[in-house]
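Colleague: I'm new to this one, could you put it on the screen and take me through it?
Modeller: Of course, here it is.

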2 protein chains.
Amino acid sequence: MAQIVKRLSAASVTTQSFFTARHMSAMAKVLRYGEFGEPAKVLRLQEEPIPTPKHGEVLIKTLGAPINPADINTIQGKYPVKPTFPAVGGNECVGEVVAVGGDGSSLKVGDRVVPFATGLGTWRSHAIYPTNQLMKVPASIGVAEAATITVNPCTGYRMLKDFVSLAPGDTVIQNGANSACGQAIIQLCRAWNVECVGIVRDRPEFVQLKDYLKGLGAAEILTEEELRTTKLFKDGIFRKPKLALNCVGGKSALELARQLDQAGVMVTYGGMSREPVTVPTASLIFKDLRFVGFWMTRWTKEHAASPERSAMFNELFGLIERGALRAPAHELISFADYAAAVTNALNIQGFVGKKYILQF
Amino acid sequence: MAQIVKRLSAASVTTQSFFTARHMSAMAKVLRYGEFGEPAKVLRLQEEPIPTPKHGEVLIKTLGAPINPADINTIQGKYPVKPTFPAVGGNECVGEVVAVGGDGSSLKVGDRVVPFATGLGTWRSHAIYPTNQLMKVPASIGVAEAATITVNPCTGYRMLKDFVSLAPGDTVIQNGANSACGQAIIQLCRAWNVECVGIVRDRPEFVQLKDYLKGLGAAEILTEEELRTTKLFKDGIFRKPKLALNCVGGKSALELARQLDQAGVMVTYGGMSREPVTVPTASLIFKDLRFVGFWMTRWTKEHAASPERSAMFNELFGLIERGALRAPAHELISFADYAAAVTNALNIQGFVGKKYILQF
C-alpha cells in the first residue's frame with residue numbers, strides 16, 4: 001500500500017511540474033460535432049483545458065492528423081461506425097508525448113507516438129491515451145508518414161499479404177491507383193519486387209499522373225479504357241494478376257476481374273463509383289475467382305497486440321526510413337483552416353488526390 | 001517376361017470366353033455427335049462392335065446414365081469443356097462389369113461401378129474403362145442413386161463441407177432448392193442436423209413443391225418474394241445463415257446475400273437466371289462476406305484418389321443405404337427415346353425438376 005501511494009504521488013509530481021513549467025496557460029483545441037451532416041457545417045472548433053494524464057496514460061500534443069475519406073463519411077453519418085455525440089473527428093494522428101501519468105511507463109516525454117485504435121477522435125491539439133494503445137514511432141519517421149501510417153500503408157500491406165501468396169515477378173492489378181492507398185500499394189509492390197499495374201480514370205493530366213505513379217514504382221499505369229483492350233497479360237509482358245485490389249466497383253471492378261488469373265482473388269476496400277461489384281457466374285465456377293472485402297478497422301480489432309501487427313509496423317518503419325515508402329501526395333494545413341480542408345477532402349485536386357494533414 | 005506373357009494370355013482367355021458365351025452377336029449402342037448444336041439434332045444413335053478390355057481395363061454394360069444440364073450445354077458448345085469430335089454425350093453413369101481384361105483386377109464380373117472422371121461419354125450401352133478410374137458401388141445402392149451420385153450429391157457435399165464449418169443448428173440458405181442438387185443439399189443438411197432454408201420461384205404448384213421439399217428435410221421453403229420480407233432470421237427462428245448456395249444469380253443471389261450472417265460465404269455453382277451475381281461493396285468491406293464458386297469437375301481433378309474423395313463416397317453410400325439420401329425426382333427412360341429426353345431435359349416439368357436417366 002505504501003508503495004502504491006508513493007508511486008501515485010511521484011506521478012502527480014511529474015504531471016504538475018510539466019504543467020507548471022510549460023503549458024499552464026495553454027488551452028487544448030478540439031474539432032467536435034454533435035450531429036451528422038456536412039463536416040464544414042457541423043464541426044465546431046472548441047477550446048478546453050488541457051487534460052492531465054492518470055497512471056497508465058500519457059498526454060500527447062498532436063503533430064499531424066490527416067483527413068481521410070472515412071472521417072468525412074463518419075461525420076456525414078454514412079459510415080457503419082456511428083460515434084457517440086458529442087464526437088471528435090479524425091481517426092489517425094502522430095503526436096509527441098508531453099506528459100506521462102505515473103512512473104514506470106514505457107513511454108517518456110518527447111517520444112513520438114501513433115494510436116492503434118480507430119474512432120478515438122484525433123482532430124485535437126492534445127489528447128490523453130492509455131499507454132498500451134500507443135505505438136512508439138522512430139524519430140526518423142517524418143510527420144506526414146507517421147500521421148498516415150495506420151490506415152493506408154497498413155491496408156495495402158495486409159491486402160498484399162493476406163489473400164494470395166505473391167512471389168517476386170507476380171502481378172497485382174489495382175484501380176484507383178492514384179488514391180492514397182493506391183500510392184502505398186505501388187510502393188509496397190516495388191519494395192517486394194511485385195509488378196503493380198495501376199488503373200486510373202482518364203483525365204487531362206493523365207500523362208503527368210502516369211509519370212508520377214511510375215516514379216513511385218508502378219510497373220504500368222492504364223486508363224480504364226486502355227485496360228479493356230490491353231494485351232499486357234495475354235502477351236505475357238506481365239504474368240496474369242493473382243490479386244486485384246478494388247476501391248471503385250462497377251465496370252472498373254469487372255474489368256479488373258476479367259484480367260485475373262485462374263483462382264485469382266479480388267479484394268474490395270472501397271466503392272468510389274457507388275456501384276456494386278458485378279461478378280459473372282462463369283468467373284466464379286470455371287475460373288474459380290474469389291471476391292472478398294477488407295476493412296483495416298476490423299483487422300486491427302482482431303489483431304490487437306499480435307505479432308503480425310508488430311511485424312507489419314516494423315517492416316513499414318524500415319521501408320519509410322530507407323525512403324522506399326513515402327507519404328501520399330499531401331498538404332500540411334493549419335488547424336484553423338479546417339473548414340476548407342474538410343470540404344475539399346473528397347474532391348480530387350489536380351492530377352493526383354491530395355491528402356490534407358491538419359497541423360496544430 | 002515369361003510371367004507377363006502368361007498373364008496376358010490368361011487375360012485373353014478370360015475375355016474371349018465372356019464374348020463367346022454371352023455377347024458375341026450383340027452390338028454396342030452409342031449416342032455420338034460430331035458438331036455443336038441442339039442435342040436432338042446433332043446426336044446420332046450408332047451401333048458398333050462391343051469392344052474388348054485390355055489388361056487393366058474392364059468392359060461395363062451401362063445400367064443408367066442421367067441427362068444433366070451440363071451435358072446439354074456441352075453438346076450446345078456452351079460449356080467451357082470442349083470435347084474432341086466425334087464425341088459421346090453424358091458424364092455420369094452406373095454400370096455392371098461384364099468383362100475383365102487380364103487377371104489380378106480389383107474388379108470382377110457382376111460388380112457395379114461408377115466412373116470418377118467427367119468427359120468420358122456415358123451415353124452408350126457398353127464402355128471400356130481403366131479399372132483405376134472406376135469406383136465399386138455397393139449392390140445395395142439403387143440404379144438411380146448410383147447413376148446420379150458423382151455430380152449432384154458430391155457437389156452438395158463439398159459445398160457444405162469445404163467453405164465454412166457448420167455445426168448442428170446452423171443455417172444454410174439456398175436458391176433453386178428444387179433442382180437435383182438442391183434436393184441433395186436438403187437431404188445432406190437433414191442428415192447433419194443443419195437447418196436448410198430453400199428458395200424457389202413462385203409457381204402454381206408452390207404448396208405441393210414446398211411439401212415435397214420439406215418432406216426431404218428442408219427446414220423452410222420460401223418463394224423469392226417471401227424471402228425479401230422474411231423475419232425468420234431477424235426474429236431468431238433460425239440462426240443467420242453462415243452459407244448461401246447459389247445456382248440462380250441476379251436478384252435471387254442478392255437476396256440470399258442480404259440474409260447471410262457476418263463473415264458468411266456465398267458459393268455459386270450455377271447461373272440459371274443468366275444474370276451475374278451483384279455484390280454490394282458494403283457487404284464485402286463491413287460485413288466481410290465472401291463470394292466464391294464451386295465446380296465439381298475441378299474438385300475431382302484436384303482430388304483424384306484422395307482420402308477426402310473416399311471418405312465422401314463412403315459417407316454418401318451410407319446415407320443412401322439407410323434411406324437418408326434418395327435420388328432426385330427422376331424418370332427412367334429407354335435409350336431409344338433419347339431425342340425427347342434431351343429436348344425436355346432443361347425444361348422444368350411439373351412442380352419439381354425431373355431428371356431423365358437413360359436405360360439400355
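Colleague: How many residues of chain B are in contact with chain A?
Modeller: There are 26 residues of chain B in contact with 26 residues of chain A, where contact means heavy atoms within 4.5 Å. Before we go on, please note that this is a predicted model, in which local features need pLDDT of at least 70 and side-chain atom pairs count only at pLDDT 80 or more, while totals for chains, interfaces and linings use all residues. Residues are numbered from 1 along each chain as its sequence is written, chains are lettered from A and ligands numbered from 1 in the order in which they are written, and side-chain values use heavy atoms, with hydrogens and water left out.

Colleague: Ok, and what area do chain B and chain A bury between them?
Modeller: About 2000 Å² is buried between chain B and chain A, 65% of it on carbon and sulfur atoms; buried area is the accessible area (1.4 Å probe) that two parts lose on being put together, summed over both. Of the area that chain B buries against chain A, 27% is supplied by B:Leu284, B:Ile285 and B:Phe286, more than any other three residues.

Colleague: How many salt bridges does the rule find across that interface?
Modeller: The rule finds two between chain B and chain A, a salt bridge being a side-chain nitrogen of Lys or Arg within 4 Å of a carboxyl oxygen of Asp or Glu. A:Arg298 forms a salt bridge with B:Asp288, and their closest N and O atoms are 3.4 Å apart.

Colleague: Which element gives the largest share of the side of chain B that touches chain A?
Modeller: That is E15(B), with four residues. Strand E14 (277-279), helix H10 (281-285) and strand E15 (290-293) of chain B each supply at least two residues of that side; helices (H or I, at least four residues) and strands (E, at least two) are DSSP runs, numbered from the N terminus.

Colleague: Switching topic, is B:Gln174 buried or exposed?
Modeller: B:Gln174 counts as buried because its relative accessibility is 0%, where buried means under 20% relative accessible area, exposed over 50%, and partly exposed in between (1.4 Å probe, protein chains only). B:Gln174 is found in strand E9 (residues 171-175) of chain B. Leaving aside neighbours within four places in sequence, its contacts include B:Ile185, B:Cys196, B:Leu256 and B:Tyr269.

Colleague: You mentioned B:Leu256, so which residues of H9(B) are buried?
Modeller: They are B:Gly250, B:Ser252, B:Ala253, B:Glu255, B:Leu256, B:Ala257 and B:Gln259. Because seven of the ten residues of helix H9 (residues 250-259) of chain B are buried, the helix is largely enclosed by the rest of the structure.

Colleague: And where is B:Glu225?
Modeller: B:Glu225 is in helix H8 (residues 224-229) of chain B, and this residue is partly exposed, with a relative accessible area of 43%. The C-alpha atoms of B:Glu225 and B:Ser252 are separated by 9.5 Å, although the two residues are 27 apart along the chain.
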